[in-house]
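Okay, everyone, settle in. Have a look at this one with me, and we'll go through it piece by piece.

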Amino acid sequence: MSEVKATLETFKIIRDSDFAISVNSMMDKTGFDKRRVQRQAKLLTELGLVSRIGDNPVGGYVYKVTPNSGG
């Protein structure tokens, strides 16, 4: 899967979560490894589409869709 498709898939998962989602949950839903999920989440954060809102000691960083990002 290309990086663009993988990043879009990660965005959809973050967007479709109830409020926010952890890196570990994204890994479970995408099947991607931690490094790839974190790279995609970082790119989405830099684009302003998602925000990192915390750090779950068990699940890793927690992300949610940034308001007004079209999500």
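Aromatic pairs: how many are there? The count comes to 0, where rings of Phe, Tyr and Trp (its six-membered ring) pair if their centres lie within 6.5 Å, with planes under 30 degrees apart called stacked, over 60 edge-to-face and the rest tilted. Keep in mind that this is a predicted model, so local features need pLDDT of at least 70 and side-chain atom pairs count only at pLDDT 80 or more, while totals for chains, interfaces and linings use all residues. Residues are numbered from 1 along each chain as its sequence is written, and side-chain values use heavy atoms, leaving out hydrogens and water.

Rings do turn up with charges, though. Arg36 puts its charged end over the ring of Phe32, 4.7 Å from the centre. Arg52 has its charged end over the ring of Tyr61, 3.9 Å from the centre. "Over" here means NZ of Lys or CZ of Arg within 6 Å of the ring centre and within 35 degrees of the ring normal.

Now the strands. An open sheet is formed by 3 strands in the order β1-β3-β2, with antiparallel pairing. The edge strands, pairing on one side only, are β1 (21–22) and β2 (50–56). Helices (H or I, at least four residues) and strands (E, at least two) are DSSP runs, numbered from the N terminus, and two strands pair if DSSP finds at least two bridges between them.

Between β2 and β3 (residues 60–65) there are 6 bridges, and a hairpin of 3 residues links the two strands. Which residue in β3 partners Asp55? That's Tyr61. Likewise, Asn56 stands opposite Gly60, and Val50 is bridged with Val65. On the β1 side, 2 bridges go to β3, and Ile21 stands opposite Tyr63.

Last, the helices. α1 lies across β1, β2 and β3, at about 80 degrees to β3. The axes of α1 (residues 3–16) and α3 (residues 34–46) come within 9 Å and cross at roughly 80 degrees; axes are lines fitted to C-alpha atoms, for helices over the stretch in contact, and angles run from 0 to 180 degrees between N-to-C directions. So α1 and α3 are roughly perpendicular, the label for 65 to 115 degrees (under 35 is roughly parallel, over 145 roughly antiparallel, the rest oblique). Their contact (heavy atoms within 4.5 Å) includes Phe11 and Ile14 of α1 and Leu43 and Leu44 of α3.
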